[in-house]
Amino acid sequence: MTTHDNIATGWTRDQMAARAAQELRDGYYVNLGIGIPTLVANHVPAGMTVTLQSENGMLGIGPFPTEDEIDPDLINAGKQTISQLPHSAYFDSAQSFAMIRGGKIDLTVLGGMEVSETGDIANWMVPGKMIKGMGGAMDLVAGVKKIIVVMEHCAKDGSAKFVPQCTLPLTGRNVVDMVITDLAVFKREDHNSPFRLIELAPGVTADEVKAKTTARYVT
Amino acid sequence: MAQKIYPDAASALDGLLQDGLLIACGGFGLCGIPERLLDAVRDSGVKDLTFASNNAGIDNEGIGKLLRTRQVKKMIASYVGENKEFERQYLSGELEVEFCPQGTLAERMRAGGAGIPGFYTKTGVGTLVAEGKETKVFGGQEYILEEGIFADLALVKAWKADTTGNVVFRKTARNFNVPAATCGKVCVVEVEEIVQPGELDPDAIHLPGVYVHRLINGSPYDKKIEFRTTRTEDAG
């Protein structure tokens with residue numbers, strides 16, 4: 001055990017989202033998953049136009065509505081009420097996934113239970129527990145140009161989540177481009193290359209990351 | 001032109017319902033679900049139904065109502081959270097569930113409606129979804145074969161229709177309603193308002209009347225919200 005256990009080093013959930021937001025580029029069409037990924041919307045750099053896609057059929061997600069603006073016909077993929085923007089567009093679910101599967105969406109940020117050193121991701125099912133379904137996650141990892149996974153570095157029991165091989169049922173095989181945890185950032189140039197440790201969260205050492213990671217990566 | 005308008009959901013479904021049907025149903029969560037038609041299916045008492053629908057409603061809303069009365073044999077869905085009765089029936093083996101990725105489900109409906117019995121997709125390659133499915137390599141990449149859905153009946157909720165069945169939807173309530181509508185042998189649509197031909201812009205029809213066989217005005221609607229999220233005015 002390292003002495004760093006339970007010590008407040010590393011990034012908070014919001015800081016992880018802010019780090020993911022650094023990957024945004026002007027003009028990007030982006031799909032954000034539920035949980036920490038949703039927070040990325042709060043960190044779009046000033047002056048940058050990023051259009052958010054909601055897989056239930058919308059481009060141009062606006063902020064949460066005011067009490068007066070609430071519309072039951074206007075929700076995001078997490079079934080939360082949202083608002084529209086002047087450039088918003090609506091479409092049906094087949095069209096929505098045509099643009100996802102067809103590679104028109106530049107970036108998606110998703111949560112993860114496990115990511116493997118070869119870019120596999122598992123984030124939809126724990127055998128023996130209630131299965132809720134994969135929703136649109138398998139389509140997103142199969143079709144979006146760049147896949148960023150934001151997750152805690154370790155599970156609640158302290159075990160590594162960035163692993164040699166996923167033990168949970170996969171959402172996608174060899175699809176992840178970048179992993180952002182509360183401790184570090186890993187990135188790979190293409191789907192044949194290993195992940196590289198490119199950044200450490202404040203107060204976190206490379207040794208600590210190594211001790212808490214079972215996946216192989218380069219530095 | 002044949003009359004498409006019916007006075008209520010029960011009459012619109014008259015002669016269409018029987019045990020064991022495959023029903024394609026629109027909606028995402030509780031947004032854009034055909035609630036009048038689902039109520040009428042429940043009241044008819046038909047059973048052993050298979051529903052192709054993104055979700056299974058929540059405990060006593062949408063398809064959840066038909067789960068409660070044990071009329072559903074099988075669900076083809078992508079996400080079924082937030083539904084305790086579903087969970088109970090699923091875990092006890094009373095309910096059969098085929099999990100289908102959301103985009104694959106939408107495309108299976110679209111394909112069925114377009115007369116395409118199967119298509120290849122990279123969604124689900126290397127996962128449980130690919131098990132037992134034919135695969136093929138195109139351009140060095142592996143794809144799996146998914147089958148179109150040809151439903152006996154489609155149940156759809158829209159915003160407005162003209163009397164000939166041209167339909168428009170509103171905001172994100174469109175979702176699965178369009179692909180579901182097209183893949184049904186018979187499609188029954190409930191709307192909030194029926195208008196005369198010419199009142200809808202022909203350039204802005206989301207679902208042309210050719211797909212719509214029967215139509216009801218189901219208003220007034222008390223639309224449910226699953227997660228009510230707001231901001232305060234100044235936080236904009």
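Across the interface of chain A and chain B, 27 residue pairs are in polar contact, both partners at pLDDT 80 or more; that label takes a pair of N or O atoms within 3.5 Å, one able to donate a hydrogen and the other to accept it, with residues adjacent in sequence counting only if both atoms are side-chain atoms. The model is predicted, so local features need pLDDT of at least 70 and side-chain atom pairs 80 or more, while totals for chains, interfaces and linings use all residues. Side-chain values use heavy atoms, without hydrogens and water, residues are numbered from 1 along each chain, and chains are lettered from A in the order written.

Salt bridges (a side-chain nitrogen of Lys or Arg within 4 Å of a carboxyl oxygen of Asp or Glu) number six across this interface. One of them joins Glu69(A) to Arg231(B), at 3.5 Å from N to O.

Within chain B, strands E6 (residues 135-138) and E7 (residues 141-147) pair antiparallel over four bridges; strands are DSSP runs of at least two residues, numbered from the N terminus, and pairing needs at least two bridges. Phe138(B) sits opposite Gln141(B) of E7(B). Two residues lie between the strands of this hairpin, where Gly139(B) takes a positive phi near 55°.
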